[in-house]
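Work through these exercises with the sequence and the model open side by side. Try each task before you read its solution.

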Amino acid sequence: DTVLTPQETARLRALDARHHMHPFSDQAALAAQGARIFTRAKGCYLWDSEGRRYLDGMAGLWCVQVGYGREELVEAAARTMRDLSYYNTFFQCSHPYATELAARIAEKTPKGLDYVMFAGSGSEANDTALKMARFYWTARGEPNRQWVVARVRAYHGVTLAAASVSGLEPMYAQFGNPVIPTLRMMAPYWYGPGIEGGMSPDEFGLTAARQIEKAIEAAGPGKIGTMIAEPIQGAGGLLIPPDTYWPEVQRLCAEHDILLIADEVVSGFGRTGHWFGSQLFDIQPDIMTMAKGLTSGYVPMSATVMGPKVADAVRNAGTEVAHGYTYSGHPVTAAVALANLEVIEREGLVERVRDDIGPYFQEQLRTLSGLPHVGEIRGVGLLGAIELVRETEPRRFFDPLGRMGLAVRNHATANGLIMRAVGDTLILSPPFVISHAEVDELIALARKAILAGA
Ligand code: PLP
């Protein structure tokens with residue numbers, strides 16, 4: 001039974017407070033309050049140890065594309081654990097799972113992005129991408145081009161390298177000097193600095209993109225080799241760039257010979273109604289990183305996919321490239337990823353997000369405009385955000401930032417809807433199998449939470 005006795009829940013909470021160091025948590029506050037303990041999940045719903053049901057408007061951490069509890073993925077894991085519970089892909093070895101998966105990923109990515117290196121998390125995939133970019137510049141005889149252009153509000157993960165290029169300050173500021181020399185340019189956040197500058201979205205998109213030139217100037221000649229960016233910034237508040245932004249970034253990267261890493265950890269595997277966010281914006285990155293939706297979060301796995309420029313440097317190095325993880329291309333995770341891709345394809349889930357449930361979700365989300373304090377509503381596919389403000393006309397943010405977002409999120413959780421608050425922006429990213437009726441339920445619960453909290 002997945003409903004635990006009150007005593008058992010209390011026992012687990014006490015153990016958790018005593019021994020479990022949680023990611024991204026105020027440990028003391030968490031210990032005082034007691035963790036919410038989840039024991040079961042199916043489709044788009046979760047249940048906690050006390051039997052309360054939650055509609056998961058976040059698909060976990062933006063990852064459970066195919067919904068919870070899919071037998072196809074369970075079977076693939078069980079079968080592979082029996083047949084080949086572990087073997088590595090080091091030292092001239094492979095197995096059918098990693099090999100097939102690398103080929104399947106290459107089919108889905110933009111043309112030329114054909115060379116796949118596996119890891120275990122999004123952070124590791126970005127670490128790998130940053131290392132491969134350095135490898136490339138060294139091989140080209142320009143080892144000084146180690147500086148990276150990144151963006152304010154970016155989230156690329158928590159390894160020393162991924163945190164260095166992230167743009168949420170505590171992520172790098174809490175841990176001493178960043179290990180990657182990084183210049184952070186403004187985010188393409190029209191509802192923030194765009195409005196403050198009195199610019200139209202298109203004007204602002206160009207202005208934000210052209211910050212690359214300022215970064216190049218600030219770093220000095222021959223320093224910047226790489227730019228890393230999420231096609232849509234997720235954890236930074238779901239920032240969807242104006243149409244003019246990506247073409248200009250792409251043009252400037254080409255003009256200044258800067259490698260472009262697209263971090264597709266959130267925007268990949270159908271989230272926007274395209275296999276990758278790069279396809280939505282017609283970006284041609286040199287390297288793409290992916291995780292989350294690759295396995296729908298059932299097991300940890302990520303990939304760094306290289307185009308010919310970087311891949312040729314690695315393939316023609318004439319020496320062993322000293323990088324890789326014990327679990328790179330793990331047979332069980334690769335088998336689960338293959339089963340996940342099969343479900344996504346067989347059920348036409350990417351097309352469903354593009355043509356059916358995505359547009360329905362976007363339409364319903366916009367019925368929340370006009371509620372008190374609802375400023376901008378933005379989204380694409382099954383990504384949605386509601387930014388709360390003190391006043392909408394003229395737009396004035398809350399001070400202090402974030403308290404209202406948290407209050408609304410807490411009301412939502414209490415009523416059985418999981419959504420996320422980034423400052424005063426509420427974020428939704430539900431599983432692709434969400435039904436029309438479940439979207440209606442989600443929007444009704446979000447409406448109730450906004451009315452109660454704001
Ligand atoms: N990149 C992006 C865009 C992310 O949103 C995340 C995690 O949320 C990461 C990288 C890091 O992934 P992981 O938590 O698997 O290391």
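**Exercise 1.** Which residue in β8 does Ala 229 stand opposite?

*Solution.* First, know what you are looking at. This is a predicted model: local features need pLDDT of at least 70, side-chain atom pairs count only at pLDDT 80 or more, and totals for chains, interfaces and linings use all residues. Residues are numbered from 1 along each chain as its sequence is written. Helices (H or I, at least four residues) and strands (E, at least two) are DSSP runs, numbered from the N terminus. Two strands pair if DSSP finds at least two bridges between them. Now find Ala 229: its opposite residue in β8 is Ala 262. β7 and β8 are parallel, with 4 bridges. Next, look at Ala 262 again. Ala 262 also stands opposite Met 288 in β9. β8 and β9 (residues 287–290) run parallel and share 3 bridges.

**Exercise 2.** Is strand β8 mostly covered or uncovered?

*Solution.* Apply the cut-offs. A residue is buried if 20 or more other C-beta atoms, placed from the backbone, lie within 10 Å of its own, exposed if 12 or fewer, and partly exposed in between. In β8 (residues 259–263), 5 of 5 residues are buried, so by this definition the strand is mostly covered. Now sort the directions. In a regular strand the side chains alternate between the two faces of the sheet. Leu 259, Ile 261 and Asp 263 point one way, and Leu 260 and Ala 262 point the other way.

**Exercise 3.** Where is Pro 285, and which residues does Pro 285 touch?

*Solution.* Pro 285 lies in the loop between α13 (277–280) and β9. Count around Pro 285: 28 other C-beta atoms fall within 10 Å, so Pro 285 is buried. Leaving out residues up to four places away in sequence, Pro 285 touches Leu 260, Ile 261, Ala 262 and Ser 278. Now compare sequence and space. Pro 285 and Gly 112 are 173 residues apart along the chain, and their C-alpha atoms are separated by 9.6 Å.

**Exercise 4.** How many residues surround the ligand?

*Solution.* A residue counts if its C-beta atom, placed from the backbone, lies within 6 Å. This gives 15 residues, and the closest are Ser 121, Gly 122, Ser 123, Gly 157 and Val 265. Helix α6 (residues 122–139) gives the largest share of the shell, 3 residues.

Conventions:
Two residues are in contact if their C-beta atoms, placed from the backbone, lie within 7 Å.
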